[in-house]
Amino acid sequence: MTTMSGQVWVSLISLGGVVLGGALSYLVQHRTQLSAERAEQQRQQTSLSEARRAERLALLERFIEVGAEAERSAFSRPPEWERTDDWFLTTQDVMNRLWVAERLIRIQFPLPVHDAARAYFLDLNKTVWEGLPDDASVRDYLEENRLAFLDAARAVMNPPPS
């Protein structure tokens with residue numbers, strides 16, 4: 001009988017070891033899986049953030065490029081023009097593209113960036129279509145809102161380290 005009870009104890013201890021080992025193995029695998037899922041979520045979040053940043057940067061580049069074309073139109077604005085002139089046709093296309101780019105800025109960026117882009121767009125629109133007084137400088141007139149837009153965009157694209 002003692003032999004039998006010794007065997008039962010050995011079997012119970014062995015069974016307990018198997019149960020304990022299985023439980024520990026499950027916990028380790030569960031923790032590993034959670035860690036892998038968190039790492040994958042972090043990787044996806046980083047990838048999405050990088051894609052959004054690249055999209056925003058491309059949009060800024062587009063707005064700045066078309067803004068520069070509009071500025072060239074303002075500089076080359078003839079004193080008199082007709083709706084059939086080459087200057088008008090080219091400028092109308094540029095201003096339409098700038099209008100679209102400005103609207104996309106509103107969609108992709110916080111309102112302070114859009115507000116600065118809008119002020120710059122309105123200055124350009126006035127300068128291109130209405131002109132400025134003879135003694136006014138196109139560059140000087142556009143400078144303040146252009147720089148305000150660029151500063152607002154930089155603040156969003158390169159936030160200070162936290």
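My cut-offs: buried is under 20% relative accessible area, exposed is over 50%, and partly exposed lies in between, with a 1.4 Å probe and protein chains only. This is a predicted model, so local features need pLDDT of at least 70 and side-chain atom pairs pLDDT 80 or more, while totals for chains, interfaces and linings use all residues. Residues are numbered from 1 along each chain as its sequence is written, and side-chain values use heavy atoms, without hydrogens and water.

R97 forms a salt bridge with D93 at 3.2 Å, N to O. I count a salt bridge when a side-chain nitrogen of Lys or Arg is within 4 Å of a carboxyl oxygen of Asp or Glu. D93 and R97 are four residues apart in helix α2, so about one helical turn separates them. Helices here are DSSP runs (H or I, at least four residues), numbered from the N terminus. D93 is partly exposed, at 41% relative accessibility.

**Other salt bridges.** The count comes to ten by this rule. I checked R118 with E102: a salt bridge, again 3.2 Å, N to O. This pair links distant parts of the chain, R118 in helix α3 and E102 in helix α2, 16 residues apart. R118 is partly exposed at 26%; E102 is buried at 0%. E40 and R43 also pair, with closest N and O atoms 2.7 Å apart.

**E71.** I found E71 in helix α1, buried at 11% relative accessibility. E71 joins R139, D140, E143 and R146 in a salt-bridge network. Beyond its neighbours within four places in sequence, E71 contacts (heavy atoms within 4.5 Å) Y120, L124, L142 and R146.

**Core.** I took a nonpolar core as buried Ala, Val, Leu, Ile, Met, Phe, Trp, Tyr and Cys residues joined through side-chain atoms within 4.5 Å. The largest has 27 residues; L60, F63, L98, I105, F109, V113 and F149 touch the most other members. Elements giving two or more residues are α1 (2-75), α2 (86-108), α3 and α4 (138-157). Leaving out residues up to four places away, L98 touches F63, V66, G67, A70, F121 and L124.

**Helix α3.** I checked its length. The 20 residues (111-130) should span 28 Å at 1.5 Å a residue, and the end C-alpha atoms are 27 Å apart, which agrees. The expected span is 1.5 Å times one less than the number of residues. Just after α3, G131 takes a positive phi of about 80°.
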